[in-house]
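Trainee: Could you show me, step by step, how to read the way helices and strands pack together?
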Amino acid sequence: MSDDERNTTGRGQLQGLKVVEFAHVVAGPLAGSMLADQGADVIHVEPPGAGDAARAMGPQRDGVPLWFKVAGRNKRSVTLDLHHAAGRSVARRLVAWADVVIVTLRAGRLRSWGLDWDSVHRINPRAVLLQISGFGATSSQADAPGFGKMGEARSGVVHLTGFPDGPPVHTGFSHGDAVTGLMGAYAVLAALHRRDHDPGFDGEWIDLALFEPLFRLVEWQVIVHDQLGRVPERSGNQLAVAPAAVINTYRSRDGDWITVTSATLRSVRNIASLLGLPEQEFATARQQYERRGQLDEGLRNWVAGRGTGECLEEFARAEVVASRVFDAADIAVDPVYAEREDIITVDDPDLGPVRMQAVIPHFRQRPGRVWRTGPALGQDNYLVYGQWLGLSAEELIDLEKSDVI
């Protein structure tokens, strides 16, 4: 068995943690990815045949889908048909093996397949169950389908995104799913901390709805509505309830977009000075707020009359916080990304060397690592079922013949 199969290098904060995912596409698997990047052994359970739908999503190179190479990295792939009683029996053995179980199935399906909280807790009383669903297990819509974009819309975030005279806007990636995955991983670690310090730990059920993480992160929308009777509205690039004198994007003579932002009185006065405006007219927060239109229009014209490089150099000299709006090509050659080692090269059996995000955040004493790209469907069946769960060769053959794995 190779080091790639074992992942035995001892890297990462979570070495020895055992995780099984009955979860597909983004939110649940991203929670598992955060744990896998830090050294946890994560088993991604997929239906035989097509596998996780994420395997076929997004752009391809020579017929090879690219997204799953990142989304499935550092994980073990096993196939298992939970429609079969024999498959559900194997699933129970996986639950008994795991420290953490991640599920994204609807409540009714979880119950029928024995992956609901009561079943998981009965099989493994010390397991942490992360259950992600559209509306949460205690909601009247617990069995309703849900996707990340629905969660974004329900959270209030989409209502706040865009310009006042335009429609609400979703972000161009799986924002709601991704934030749910991050919060799910955080919640798992909180539960594991208690497990490690509480002798009476009796398992934990983390019940997370797709709209809740983004809802939590917009800290002010509920209290503003409660105390002032106001519904914050879209305000373009400005902050809806904390307007600064300058937060906007401006187009340079080269056609690039540059973001300029100010968060302090001094930074706004720096902008005024750069534009040749009297600093004394921007001495106080009220003055700056009342003259924000003047600053915005001045910056628009100033940036439009200069090349991107000249703009950024003059902003830096004037201590004005600004950045070109990056795309993927900019990121690929940016020196700060390189200095941070945020992009790494990983060998892939189908594509050869590929570049992708490094493990983030960076731990200096015991960093995580990317030891494999997203594996082939069922690549780890024999490793997981045979060596880790202890199924015999005869049992594995029977499961294969029955199309259970």
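**Helices on a sheet**

Mentor: Helix α2 lies across β1, β2, β5, β6 (100-103) and β7 (128-133), running at about 165° to β1. Contact means heavy atoms within 4.5 Å, axes are lines fitted to C-alpha atoms (for helices over the stretch in contact), with angles from 0 to 180 degrees between N-to-C directions, and helices (H or I, at least four residues) and strands (E, at least two) are DSSP runs numbered from the N terminus. This is a predicted model, where local features need pLDDT of at least 70, side-chain atom pairs count only at pLDDT 80 or more, and totals for chains, interfaces and linings use all residues. Residues are numbered from 1 along each chain as its sequence is written, and side-chain values use heavy atoms, leaving out hydrogens and water.

Trainee: In which order do the strands of the open sheet come?

Mentor: Strands of a sheet pair through backbone hydrogen bonds, either parallel or antiparallel. Here 6 strands follow the order β5-β2-β1-β6-β7-β8 with parallel pairing, where two strands pair if DSSP finds at least two bridges between them. The edge strands, β5 (75-79) and β8 (204-209), each pair on one side only.

Trainee: At what angle do α2 and α9 pack?

Mentor: Two packed helices are described by the angle between their axes and the distance between the axes. Helix α2 (residues 27-37) meets helix α9 (residues 175-197) at about 50°, their axes being 7 Å apart. That makes α2 oblique to α9, because angles under 35 degrees count as roughly parallel, over 145 as roughly antiparallel, 65 to 115 as roughly perpendicular and the rest as oblique. Among the residues in contact are Leu30 and Met34 of α2 and Val188 of α9.
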